Amino acid sequence: MIAGARVVLYVTGGIAAYKAADLASRLTQAGAAVDVVLSRAAEEFVGPLTFEALTQRAVYRADASMTRGHQIAHVHLARRADALVVAPATADALARLAQGRADDLGTAIALSTAAPLVAAPAMEPAMYAHAATQANLATLRARGARVIDPDCGRLASGAQGKGRLPPTETLMDMLGAALGRDGPLRGRVVVVSAGGTREFLDPVRFIGNRASGRQGVELARAAANLGAATRLVLGAASVDPPASVDTTRVESADEMLAALRQAVDGCDALIMNAAVGDYRPARRAVSKLKRRGSAAQLDLVENPDLLRSLPGGFVRVGFAAETDDHLANARAKLRAKRLDALVVNDVGRADRGFAAAANEVTIVRPDRPDQTVPLTSKAAVAAAVLDVVVDLLAAAAHGPPA
Ligand code: CTP
């Protein structure tokens, strides 16, 4: 989404302006053309040279009226922008944006562009909580702006509270979804399950699995970047969920089933990537189990099969991690679980699947030749799976399971 995009980054004058340098750098590295526009106050915090060096492009100051190519700056930048990001957005900048003022180049671009607006407020907690700021945010949201909630924590003043600029990763996620708002999944609701389940024996021990959640998180991010309203049901994972999706955290298979029952209500597609434990301890001890000085046995009971327990009426894509006969097993699961597609990976190899950054999968569909996605990043695997989802939705080749 970000590669090839033209992003106007309007930096306004708060201490978090220095973090906008990282955002400018990361966006440039990801292949975006970043036009940085500084407010007057932003220049007090970070100079244009920093952004010019990071983006390798001209930086625009608050009073710039023409580009170096002799074009009217706000008109030119507004026209070609794919997105306008205001980060950090000070209380003053939010007020000026909400009022529709054009008192510097950044606000003039905001008034002139049809591109989506992403605003990342960052300020002292009292200013953020003030009714005036909240009303301005509500106005911007009502106009379709994507507002990224600030993080809680320590502010430069030493105060604790809500007002910190979120990490660059969060801003990139929100920008990715804003850029993809008119994508092929616009108006669709996609549910993704990811991560592993944990079944507790006692308050401190559990039976789990090696799922990292990385592939599922990439699937959710990819769905959001194609314009879908995305719901992620996330079990145990070693990665953070994307900021652009609505995430519910769960631990056990039962909790995952309950969360999925809610999430699939009104959805168009379910991508069941979670590694769901098939068994759980028959009992969960209230207090920590003690060593008894002899061999112990664990009684297990079967967990429900989540795919079989959920209703139909939407596209269903499953995942399978197999160590043997992976394609034959995949075909059997495709039928048994009444799936529209099953993505199978061979986890008998150390360099793919689980916590590895890369993955190699085969996408099996009932009526199509198998599609192998050669060893690549989990983001690229996610893109391939989402292509299949788009195709399945377009064909409306789904119906309730019999
Ligand atoms: N799955 C599920 N509920 C379970 C177990 C798995 O919905 N209790 C889903 C997984 O999320 C995945 C698909 O079923 O999309 C296949 O998972 P897998 O663990 O390979 O299937 P199992 O039926 O558990 O088969 P196996 O005996 O090989 O573990």
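1. On one side of helix α8, residues A131 and A142 are exposed. The structure discussed here is a predicted model. Helix α8 itself covers residues 131-142, twelve in number, and extends 16 Å from its first C-alpha to its last, close to the 16 Å expected at 1.5 Å a residue.

2. The buried residues of α8 are T133, N136, L137 and L140. They span an arc of only 100° around the axis, which places them on the same side of α8. A131 and A142, the exposed residues, lie on the other side. The buried residues of α8 pack against two helices, α5 (91-99) and α7 (125-129), and against the strands β4 (117-121) and β5 (146-147). Just after the helix, G144 adopts a positive phi of about 100°.

3. The protein as a whole contains 14 helices and 19 strands. Its C-alpha atoms fill a box of roughly 75 × 55 × 35 Å along the principal axes. Of its 402 residues, 50% are buried. Among contacts with a separation of 6 or more, 66% join residues 24 or more positions apart. The protein exposes about 18,500 Å², and carbon and sulfur atoms supply 49% of that area.

4. Helix α10 (residues 214-225) also deserves attention. The helix has twelve residues and reaches 16 Å between its first and last C-alpha, close to the 16 Å expected at 1.5 Å a residue. Ten of its twelve residues are buried, so α10 is largely enclosed by the rest of the structure. Those buried residues are Q215, G216, V217, L219, A220, R221, A222, A223, A224 and N225. After α10 comes G227, whose phi is positive, near 100°.

5. Leaving aside residues up to four places away in sequence, Q215 touches N273, F319, N359, K378, V381 and A382.

6. Helix α14 (residues 378-395) has 18 residues, which should span 26 Å at 1.5 Å a residue; its end C-alpha atoms are 26 Å apart, in agreement.

7. The ligand is surrounded by 13 residues, and the closest are M272, A274, F319, K333 and K337. F319 is also one of the residues touched by Q215.

8. For P304, a backbone N or O atom lies 3.0 Å from a nitrogen atom of the ligand. For L307, a backbone N or O atom lies 2.9 Å from an oxygen atom of the ligand. A polar backbone atom of F319 is 3.0 Å from an oxygen atom of the ligand. Taken alone, the ligand exposes 560 Å², and the protein buries 75% of that area.

Notes. Residues are numbered from 1 along each chain as its sequence is written. This is a predicted model: local features need pLDDT of at least 70, side-chain atom pairs count only at pLDDT 80 or more; totals for chains, interfaces and linings use all residues. Side-chain values use heavy atoms; hydrogens and water are left out. Helices (H or I, at least four residues) and strands (E, at least two) are DSSP runs, numbered from the N terminus. The expected span of a helix is 1.5 Å times one less than its number of residues. Buried means under 20% relative accessible area, exposed over 50%, partly exposed in between (1.4 Å probe, protein chains only). The arc is that of the directions from the helix axis to the C-beta atoms. Contact means heavy atoms within 4.5 Å. A residue is near a molecule or strand if one of its heavy atoms lies within 4 Å of it. A polar contact is a pair of N or O atoms within 3.5 Å; within protein, one must be able to donate a hydrogen and the other to accept it, and residues adjacent in sequence count only if both atoms are side-chain atoms. Accessible areas come from the Shrake-Rupley method with a 1.4 Å probe; for residues, only the protein chains shown count as cover.
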